[in-house]
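Hello,

Here is the structure I said I would pass on. My notes on it follow below.

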Amino acid sequence: VSLSEGVTKDRVEEILNVLIARHEALRTRFVTVGSSVYQQVEEECPFRVEALKDTSHQQGLLKTFVRPFDLSVAPLVRAGYIRSKEGTSGKLIIDLHHIISDGISQEILRNEFNALLEGEVLPDVLYQYKDYVAWQQSPEWQAQKKKEESYWLETLSGELPILELPTDYSRPKVQSHEGGVLSMSLPPEQVSALRSLAEQEGVTLFMVLLSLWKVLLSRISNQEELLVGVAVSGRRHTDVEKIVGMFVNTVVIRSKASSQMSY
């Protein structure tokens, strides 16, 4: 994050300590008792920001900055301040363990950091992650979970299809999770056409793009039945929208892309 001119390391450290005091997830550590793991929230968790040197080798800097956390020691947060060579501005880099945060949590913290930097007063935090955990243990939630479990056991029953893509090498016997990211931009007229299609069909833009992705996979694999994993926020109630914590999950969508079907 690029910081405005005049924002010092001490100011950054002050704001991050406010955020850590504000969100219990940032003061949470994990302890093992027997064969069980428990989360423990620390009442106080003093935090220091590391001073890093400005360098042209940013990738090398990140590799040394991002390192394993000890889950039994809070906070599971690491921050570094890079002062510009001119000394008038700086950059902030933050490493958050995924066990206490997700993408939406990072957005919450980014917005609150900027608000505090502007001198704004943040509203009180109504619920913490432990409240969500307690709700998950309630009889109402457990009953709902049983219904959802039955649905997924039925949906993913039977022989599950394996996607056979025409790759230039054989599928390895041991699955590897190494991969890459391919980014692309669509011209405005295509985006407009996609939005029009979504509105016409009464679906979201995400559903349109997911459907197109399935059609593509079906065509190049010559398979009609597909399993596609999609990330979901896991924040299914408005009360958890502003809670910092790990909510994100993956849902498997099983569907058929028959050549006889229209969009």
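Glu225 is partly exposed, with a relative accessible area of 25%. The model is a predicted one, and the values here are computed from it. The side chain of Glu225 forms a salt bridge with that of Arg254, at 2.7 Å from N to O. Glu225 belongs to strand 6 (residues 225-232) and Arg254 to strand 7 (residues 249-256), so this pair ties together parts that are 29 residues apart in sequence. Arg254 is partly exposed too, its relative accessible area being 24%.

There is also a network: Lys9, Glu13 and Arg48 are joined by salt bridges that share partners.

In total, the count comes to 13 salt bridges. One of them links the side chains of Glu42 and Arg29, again with an N to O distance of 2.7 Å. Glu42 sits in the loop between strand 2 (36-41) and strand 3 (50-52), while Arg29 is in strand 1 (residues 28-33), so the parts that this pair ties together are 13 residues apart in sequence. Glu42 has 23% relative accessibility and therefore counts as partly exposed, since the buried class is kept for values under 20%.

Another salt bridge lies within a helix. The side chains of Glu107 and Arg110 meet at 2.5 Å, N to O. These residues are three apart in helix 3, which means that about one helical turn separates Glu107 from Arg110. Glu107 is partly exposed at a relative accessible area of 37%, and Arg110 is partly exposed with a value of 37%.

Helix 3 (residues 103-117) also meets helix 1 (residues 9-22): their axes come within 10 Å and cross at roughly 125°. How are helix 1 and helix 3 oriented to each other? An angle between 115 and 145 degrees is neither roughly perpendicular nor roughly antiparallel, so helix 1 and helix 3 are oblique to each other. The crossing of helix 1 past helix 3 is right-handed.

The last item is on the surface. Which residues form a nonpolar patch there? The patch is made of Leu165, Trp213, Leu216 and Ile220, which together have about 360 Å² of accessible area. Of these, Leu216 lies in helix 7 (residues 205-221).

Regards

Notes. Residues are numbered from 1 along each chain as its sequence is written. This is a predicted model: local features need pLDDT of at least 70, side-chain atom pairs count only at pLDDT 80 or more; totals for chains, interfaces and linings use all residues. Side-chain values use heavy atoms; hydrogens and water are left out. Patches are made of residues with over 30% relative accessible area and no salt bridge: like charges are joined within 9 Å, nonpolar side chains (Val, Leu, Ile, Met, Phe, Trp, Tyr) within 5 Å. Accessible areas come from the Shrake-Rupley method with a 1.4 Å probe; for residues, only the protein chains shown count as cover. A salt bridge is a side-chain nitrogen of Lys or Arg within 4 Å of a carboxyl oxygen of Asp or Glu. Helices (H or I, at least four residues) and strands (E, at least two) are DSSP runs, numbered from the N terminus. Axes are lines fitted to C-alpha atoms, for helices over the stretch in contact, and angles run from 0 to 180 degrees between N-to-C directions. Angles under 35 degrees count as roughly parallel, over 145 as roughly antiparallel, 65 to 115 as roughly perpendicular and the rest as oblique. A crossing is left-handed if the near helix is turned anticlockwise from the far one by less than a right angle, and right-handed if clockwise. Buried means under 20% relative accessible area, exposed over 50%, partly exposed in between (1.4 Å probe, protein chains only).
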